[in-house]
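Hi,

Here is the structure I promised to send over. My notes follow below it.

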Amino acid sequence: MAVAVTVTVPEGWEPGAFKARVDQVLHRFAAEEAGQLTAIDSSLGPVADAVETAVADGKRLRAAFCYWGWRAAGQPDSDALVRAAASMELVHAAAVVHDDLIDDSPLRHGRPTAHLALREAVRDHPQPASAARSLAMLAGDLLMSMAGQLFVTSGLPAAYLGRARPLWAALARELIAGECLEILHTGSAAPDTTISLKVVRYKTAKYTVEQPLLIGALLGGAGERLRAGCSAYGLPLGEAFQLRDDLLGLFGDPALTGKDGSDDVRGHRPTALLAEAWRLAGEEDRERLRTLLAAGAGTDKDTGTDTADTGTGTGTADADADADAVRDVMRRLKAPDRIEAMITARVEEALHALDELDLPGPAAAALNRLAHSAAVRRS
């Protein structure tokens, strides 16, 4: 049985209109949660603000993949489904707050990240940096809790929601596994592309494309063939999305990405871009990369002060110079070209899987366009 259509929408894919629907759900839901939080005590206002800020922006790709998984299963448009799909964006918001905290990233969408924005709230604390980081961690935890709450109160029948419940558990487990793998392999003396791609798959690819798409399809009652097709499309596309993110992180325009362009170098993160550069490098270039990455790593937040926490100070210029030098080595080795080739191959694999599914026209067209917008972007 299909959920009743509650809004009349064009059959064609209109990303702007869909994003507006998701934004409305998220902003209203976050505002309600923020209100309940500050009702407990007015001093919780900065944490409430961090929660609302975390959902203020975004492309809403995860919600879109969930929605079109539902439509691929032959279901009609539904406001309840849009609410369920919007919960995917709360998962992402939680992951972003935690990821920025783990990586000590100073910027997100051109604004200070949560653990920096919350410094003002604890300026009189004996250890303001540590206290702000703790508040950010708890804000991220609350966002993940809100994701589950929005999903189960979306208005979809309980029987529909039950179909997707096991995948929710897998989504959380695999997202955390990917984040842990990145931490465990950060600073590796010998970056490895196989390991980097595993981090890509579990930290980002699955929860960005495959799992939202599968959750939407499962909510819509998808059979085994469609579920297999969702994975065959979603996994390579999700990997292409993160590989593009890695390229933009180092070679993109910070004015468009809204992120610090030296972040990955400073953090010595196990990106596929770094792993491919390492694989292509001779001993002289490897020694150069070792030196630059060690210089960019900065000071551990638990024992010292890092200028990345404030975005100011002499260390910022040094980090930018180190990032520029790493870029030069990578360009000379043609590592960005290798990542571009990997992106292209994965998008082609995803589109081939999509062609094999024989989906309803609107779903096929939307997923085709989403494949290109996820992998070919500047921010």
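A crossing counts as right-handed if the near helix is turned clockwise from the far one by less than a right angle, and as left-handed if anticlockwise. Keep that in mind for the first item. Note also that this is a predicted model.

Helix pair α12 and α15. α12 covers residues 272-280 and α15 covers residues 335-355. α12 passes α15 in a right-handed crossing. Their axes lie 9 Å apart, at an angle of about 125°. Angles from 65 to 115 degrees would be roughly perpendicular, and those over 145 roughly antiparallel. The two helices are therefore oblique to each other. On the α12 side, the contact uses Ala272, Leu273, Glu276, Ala277, Arg279 and Leu280. They meet Ala335, Pro336, Arg338, Ile339 and Met342 of α15. By class, that contact holds eight nonpolar, three charged and no polar residues.

Helix α6. This one runs over residues 128-152. Its 25 residues should span 36 Å at 1.5 Å a residue, and the end C-alpha atoms are 36 Å apart, so the two agree. Its buried residues include Ala131, Ala136, Gly140, Leu143, Ala147 and Phe151. What covers the buried residues? Among the elements that do are α1, α2, α4, α5, α7 and α8.

Tyr233. This residue sits in helix α9 (residues 224-251). Is Tyr233 buried or exposed? Its relative accessibility is 1%, so Tyr233 counts as buried. Beyond its sequence neighbours within four places, its contacts include Phe65, Val209, Leu213, Ala350, Leu354 and Leu370. The C-alpha atoms of Tyr233 and Val347 are 8.6 Å apart, although 114 residues separate them along the chain.

Best wishes

How values were computed: Residues numbered from 1 in each chain as written. Predicted model: local features only at pLDDT ≥ 70, side-chain atom pairs only at ≥ 80, totals over all residues. Heavy atoms only, no water. Axes fitted to C-alpha atoms, helices over the stretch in contact; angles between N-to-C directions. Helix = DSSP H or I, 4+ residues; strand = E, 2+ residues; numbered from the N terminus. Parallel < 35°, antiparallel > 145°, perpendicular 65-115°, else oblique. Contact = heavy atoms within 4.5 Å. Nonpolar A, V, L, I, M, F, W, Y, C, P; charged D, E, K, R; others polar. Expected span 1.5 Å × (residues − 1). Buried < 20%, exposed > 50% of the residue type's maximum accessible area, 1.4 Å probe, protein only.
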